[in-house]
Amino acid sequence: MIYVHIPFCHHKCSYCAFFSVAGRREMDAYVEALCAEMRRRRAPERSVRTVYFGGGTPSRLGIALLQRLVEQLRALYDFSQLQEATIEANPEDLTTDFLRGLRSLNFFNRISIGIQSFADADLRAINRVHNGGQALEALQNAHEAGFTNVSIDLMMGLPGQSIDTWRRNLDCTGALLRGGLLTHLSCYELSIEPGTILERQLRQGRVELPDEETVAAEYELLMRWCHDVGMEQYEVSNFALPGLRSVHNSRYWRRVPYLGLGAGAHSFDGSHRRWNLADIAAYVAAAGDAPHEQETLSREDAFNEFVMTALRTTAGIDKSELSALFPWAASHISATIAPHIAHGLIVETDEAYVPSSSGLLQADAIAASLFL
Ligand code: SF4
């Protein structure tokens, strides 16, 4: 399981707190440093089942640099068992030529497109590069290029967004779904991160956010809509047509070890978390020996992570997994989860503790109440 971080973007969206820089400076040198890091470090398995190129905006690299990375990976690993290789992309990059080039690499079988909204006013409010028309065109181009597994990201709670705008976004998504242009949906609520342009705009009173009730209504509408159109919710923010859940992300949530490459990328080997420093110049200068920090997870950290990720999924906490990994935590869990069962937020079955639909809405708070 391999994650590759591409920290370049066209420009900075106003809400963005991810590690990404605007522009193309150092892109070639960065790709060479990534290849060097690939040669130096090893994924947990030689036969790789999932790969994810995330960002930033990986589609900003263009085909030649993506090809360089794919060739380097192919030289190091066996991909004969590859189930899923995802690339994140933004609509403005998904031209017919780019998508044809991407297909010719014969590697990526899933695209995740950062659409955020089909409404131009929403997109302008968060300083995205594309407009609604380009988003539709990108999906059409991906379809015509032969990509059959396509995910889109949408955002709730955008400045000025009303429940009607959100409903129109879902109507548009439904039409695309019926047309076979997408298979998967990730929906996130806008969060205001310190140091972002949006945070400053809010402080200065230059933008206004929808109130909490509107955002809660958007989420409830989303859940009803997904049910009606036959999309399965499998995590707080993720919905898929049957059989088309993200394999890579599902494995993260099951705490499968993975190798993260690139500046700012995180790795996990089952007991340590390592993160490369989020500094492109230092990463390039290190030529493969990426500056990084690492921590050993205590048993409490490991337990808390397990609880947090499990309760954000519709599978919930698997009891046999819980007793295999944390046999000492059984009485702690049964005592701390009891009030949530009593309030209908968690349903206990013979096999698992499963969040109800209202439990999913409060997954993080429930998990925090179970933490050690
Ligand atoms: S495209 Fe994504 S990573 Fe890049 S600036 Fe916008 S939100 Fe951040």
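Colleague: Why is Ser14 called buried?

Modeller: This is a predicted model, and in it Ser14 has a relative accessible area of 2%. Buried means under 20%, so with its 2% Ser14 counts as buried.

Colleague: Where does Ser14 lie, and which residues does Ser14 touch?

Modeller: Ser14 lies in the loop between β2 (8-9) and β3 (21-22). Leaving aside residues up to four places away in sequence, Ser14 touches Ala125, Ile126, Asn127, Thr196, Ile197, Leu198 and Gln201, where touching means heavy atoms within 4.5 Å.

Colleague: How do you know which word describes the way α1 lies against α2?

Modeller: Helix α1 (residues 27-40) and helix α2 (residues 63-76) pack at an angle of about 10 degrees, and their axes are 10 Å apart. Angles under 35 degrees count as roughly parallel, so α1 is roughly parallel to α2. On the side of α1 the contact is made by Met27, Asp28, Val31, Glu32, Leu34, Cys35, Met38 and Arg39, while α2 contributes Leu65, Arg68, Leu69, Gln72, Leu73 and Leu76. Divided by class, the contact has 9 nonpolar, 1 polar and 4 charged residues.

Colleague: What makes β9 and β11 edge strands?

Modeller: There are 9 strands in an open sheet, in the order β9-β10-β8-β7-β6-β5-β4-β1-β11, and the pairing is mixed. The strands β9 (232-235) and β11 (259-261) are its edges, because each pairs on one side only. On average, neighbouring strands of this sheet are turned by 20 degrees against each other, with direction ignored. Helix α5 (residues 132-144) packs on the sheet, where α5 touches β6 (110-116) and β7 (150-156), and the direction of α5 makes about 170 degrees with that of β6.

Colleague: How do you know that β1 and β4 pair?

Modeller: Two strands pair if there are at least two bridges between them, and strand β1 (residues 2-6) and strand β4 (residues 50-55) have 5 bridges, in the parallel sense. As one example, the bridge partner of Tyr3 in β4 is Tyr52.

Colleague: Which strands form the antiparallel sheet, and in what order?

Modeller: That open sheet has 3 strands, in the order β12-β13-β14, and its edge strands are β12 (266-268) and β14 (292-296). Between β12 and strand β13 (residues 272-276) there are 3 bridges in the antiparallel sense, and Ser267 has Arg274 of β13 as its bridge partner.

Colleague: Which residues are around the ligand, and how do they divide by class?

Modeller: The residues around the ligand are Cys9, His11, Lys12, Cys13, Tyr15, Cys16, Phe18, Ser20, Gly56, Thr57, Asn90 and Arg128. This shell divides into 5 nonpolar, 5 polar and 2 charged residues.

How values were computed: Residues numbered from 1 in each chain as written. Predicted model: local features only at pLDDT ≥ 70, side-chain atom pairs only at ≥ 80, totals over all residues. Heavy atoms only, no water. Axes fitted to C-alpha atoms, helices over the stretch in contact; angles between N-to-C directions. Helix = DSSP H or I, 4+ residues; strand = E, 2+ residues; numbered from the N terminus. Parallel < 35°, antiparallel > 145°, perpendicular 65-115°, else oblique. Nonpolar A, V, L, I, M, F, W, Y, C, P; charged D, E, K, R; others polar. Buried < 20%, exposed > 50% of the residue type's maximum accessible area, 1.4 Å probe, protein only. Near = heavy atom within 4 Å.
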